[in-house]
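Student: Hi! I've just opened this one and I'm new to it. Can you walk me through a few spots?
Tutor: Happy to, let's take a look together.

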Amino acid sequence: MDTTQITDAPPPAPHIPTAEQKRAARGATRPGDRIFLGLSRGSGILLLVIMAAIAGFLTYRASIAISKDEANFFTTFEWNTQLIPPKFGIAVLVFGTIVSSIIAMAIAVPIAVAIALFLTHYAPRRLSGPIAYVIDLLAAVPSIVYGLWGALILVPHMNGLYGWLNDYLGWTGIFSWQGGAPRSMLTVGILLAIMILPIITNVSREVFRQVPQMHEEAALALGATRWEVIRMAVIPFGRSGVISASMLGLGRALGETMAVATVLSPTFDIQASLLDPGGGTFAQNIASKFGEASELGRDALIASGLVLFVITLLVNGAARMIIARRKEYSGANA
């Protein structure tokens, strides 16, 4: 006899969460959580307001200066706000800022990544600790100290390097040297590379330390050498962090003022050779001319600062896009 009973039971009623359960799901059940959430949100909004205020101020003052400029602000190779009518432009400043930053990044990034890999995967702990401490101290040195060191020590000892580059690479035109004082874009780039090296090294070192141990052990289990482990497991994992570290260093290189002003012999012309004195950067031009500038001159300098502000935002935005494309190597997805 079949004793199975088939009943048409009604479906269970849907569960409607209470207000307290909704707050618990949002993670804001305690007063401290709500306070922290409000402070975090307020800090983010405040940052956006400050950025908008800076952009608005720079745009307003820049518009006043550019409206009185009789030359093309973006292509003129002259900076003379005392003329009637005034003529000034940023062509030389754009070129000098970009070139010096590229030189600094080309020198600093490979060396910084190599040092970070050495400290995290090759050097014994007794050696890596003191080296890391010295690098941390380099990051704390003021810019003016770097500038004085560059003017008194670095510049007098650049003649040998300049002569070697002129002898073997002078035919390119980029490294030709006429024998003048080595206060050029190459010297500035080398000094900036020394200044941003600790920043890139420290951030890259911390990123490489976060590589999951199982990734390295898996590569070793497959018979990989130490370099192959670094190439296949460590560098891909830390690529986004290295890019972020490089952007931090680039930000300092773009905005560096006193060190560049101390080392460079500024002129408003563009030299084909990186070894010839001349050129200028946004920050150096603002620092050297702001104190003696008239009201229009200050507005003109603020206009150049606005261009530097936009360049920095574009660089950071490009870095964010690159990092977003490499998000599969982030620590959260490890």
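Student: Leaving aside its neighbours within four places in sequence, which residues is Gln284 in contact with?
Tutor: Gln284 touches Glu256, Thr257, Val260, Ala261, Leu264 and Pro266; contact means heavy atoms within 4.5 Å. Keep in mind that this is a predicted model: local features need pLDDT of at least 70, side-chain atom pairs count only at pLDDT 80 or more, and totals for chains, interfaces and linings use all residues. Residues are numbered from 1 along each chain as its sequence is written, and side-chain values use heavy atoms, with hydrogens and water left out.

Student: Is Gln284 buried or exposed?
Tutor: Gln284 counts as buried because its relative accessible area is 4%. Buried means under 20% relative accessible area, exposed over 50%, and partly exposed in between, using a 1.4 Å probe and protein chains only.

Student: And which helix is Gln284 in?
Tutor: Helix H11, which covers residues 282-289. Helices (H or I, at least four residues) and strands (E, at least two) are DSSP runs, numbered from the N terminus.

Student: How many helices and strands does the protein have?
Tutor: There are 12 helices and two strands. From the N terminus on, the order is α-α-β-β-α-α-α-α-α-α-α-α-α-α.

Student: What share of the 334 residues is buried?
Tutor: Buried residues account for 38% of them. As for contacts between residues at least 6 apart in sequence, 73% join residues at least 24 apart.

Student: Let's switch to Thr97. Where does it sit?
Tutor: Thr97 is in helix H3, residues 91-121. Thr97 is buried, since its relative accessible area is 2%.

Student: What lies 3.0 Å from a polar atom of its side chain?
Tutor: That's the backbone nitrogen of Phe282. Phe282 is also on the contact list of Thr97, along with Leu254, Gly280, Thr281 and Leu308, once neighbours within four places in sequence are left aside.

Student: What about Glu217, buried or partly exposed?
Tutor: Glu217 is partly exposed, because its relative accessible area is 47%. Glu217 belongs to helix H8 (residues 213-221), and its C-alpha atom is 8.6 Å from that of Val229, 12 residues away along the chain.

Student: And Gly129?
Tutor: Gly129 is in helix H4, residues 125-139. With 37% relative accessibility, Gly129 is partly exposed. Gly129 and Leu119 are 10 residues apart in sequence, and their C-alpha atoms are 8.2 Å apart in space.

Student: New topic: how many cavities of 30 Å³ or more are there?
Tutor: The structure has one. On a 1 Å grid over the protein atoms alone, a cavity is a set of points where a 1.4 Å probe fits but cannot get out, and lining residues have an atom within 4 Å of a point.

Student: How much space lies in the largest cavity?
Tutor: About 60 Å³. Its lining residues include Phe95, Met185, Asp269 and Gln271.

Student: Which regions does UniProt list as transmembrane?
Tutor: The unreviewed UniProt entry lists residues 44-68, 88-119, 131-155, 185-208 and 300-319 as "transmembrane region". Such annotations may be inferred rather than shown by experiment.

Student: How far apart are the end C-alpha atoms of residues 185-208?
Tutor: They lie 32 Å apart, and that span is 100% helix and 0% strand. For residues 300-319, the end C-alpha atoms are 29 Å apart, and this span is also 100% helix and 0% strand.

Methods. Polar contact = N/O pair within 3.5 Å; in protein donor to acceptor, adjacent residues only side chain to side chain. 1 Å grid on protein atoms, 1.4 Å probe; cavity = no way out; pocket = protein on both sides within 12 Å on 5 of 7 lines; lining within 4 Å. Points joined across faces, edges and corners; volume = space filled by probe spheres on them.
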